[in-house]
Amino acid sequence: MEKLSSTGRATNDDTMNDISGRDWRTDLDLILDAARQAGRVALQFFRKDPEVWWKKGHSPVSAADYAANELLESVLRKARPDYGWLSEETDDDEERLSKETLFVVDPIDGTRAFIGGKDTWCVSVAVVHDGRPVAAALVAPAFEEEFSALTVGPAMKNGRPLSVSAEGENEIRLAAPEDVIARLPQVVKARVHRIPHVPSLAYRLAMVADGRIDGTLVKANSHDWDLAAADLILERAGGSLVDLNGARLTYNRRQVTHPELCAAADHIMPVLLQPLNLSDRG
């Protein structure tokens, strides 16, 4: 029987190796510590009117994003110089495509909320190996929350195992745009309790992972850095993040955006995915 450490993670080395045969615990410790540091850097700007610029596509980036990104890049690339790098706030270098393992980073996921002084933002860091996340850290400093996961063992929130919502409730607590909910059949819509907009996609997926909501629907064009860490956390909590064909996502491709997605507790997934898949096919 495997033993659990004080953080709830297995301590038997044999049980911590994933399908790749590697133990990613030291990488998790590294990215979780770096995410904490980046969160502290971001908090120095929070609710202090940081300078803001506008990127192509009319998305904002603040001085806090750049400062947190600089901290993460300095710490992580120094510790793992052989890993690739993909961050929202760093110009993409396609050298990453030649790397088996890389960091996928969003220094502040939920920048609009951050700029607006709202608490719903987080630092998202994943280690991706052969196209899938193998270690994940989300730090939400304003909420004093930390989420983490490896490819084995439970997902964790503030040092305790977390789990998606339990089966049996008729109501479906769903975070999704109105136009996507409208595509669901009436029998499903009648069960939906719509959750107010959560501006950080990574944090929204974490909410599914810890059972606060049952699922979320994601419009097309989310990015690797929005998803990679939360994807693994959700998977280890008993849920899934998939496209409308039910396929898991692959990361570190040349194209870093994704089609429309569905994330949910596994018992809710078929209820949402089947009608959306049919409507997508016309």
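**View 1. The S5–S6 hairpin of this predicted model.** Strands S5 and S6 form a hairpin with two residues between them, and Asp 130 in the turn has a positive phi of about 50 degrees. S5 covers residues 122-129, and its antiparallel pairing with S6 runs over seven bridges. Val 127 has Ala 135 of S6 as its bridge partner. Strands here are DSSP runs (E, at least two residues), numbered from the N terminus, and two of them pair if DSSP finds at least two bridges between them. Residues are numbered from 1 along each chain as its sequence is written.

**View 2. On to S7.** S6 also pairs in the antiparallel sense with S7 (residues 145-150), over six bridges. Ala 140 stands opposite Glu 145 in S7. Four residues lie between S6 and S7 in their hairpin, where Glu 144 in the turn has a positive phi of about 55 degrees.

**View 3. Around Leu 272.** Beyond its neighbours within four places in sequence, Leu 272 is in contact (heavy atoms within 4.5 Å) with Leu 174, Leu 184, Val 188, Cys 262 and Ala 264.

View 4. Where pLDDT is low, the predicted coordinates should not be read in detail. Local features need pLDDT of at least 70, side-chain atom pairs count only at pLDDT 80 or more, totals for chains, interfaces and linings use all residues, and side-chain values use heavy atoms, leaving out hydrogens and water.
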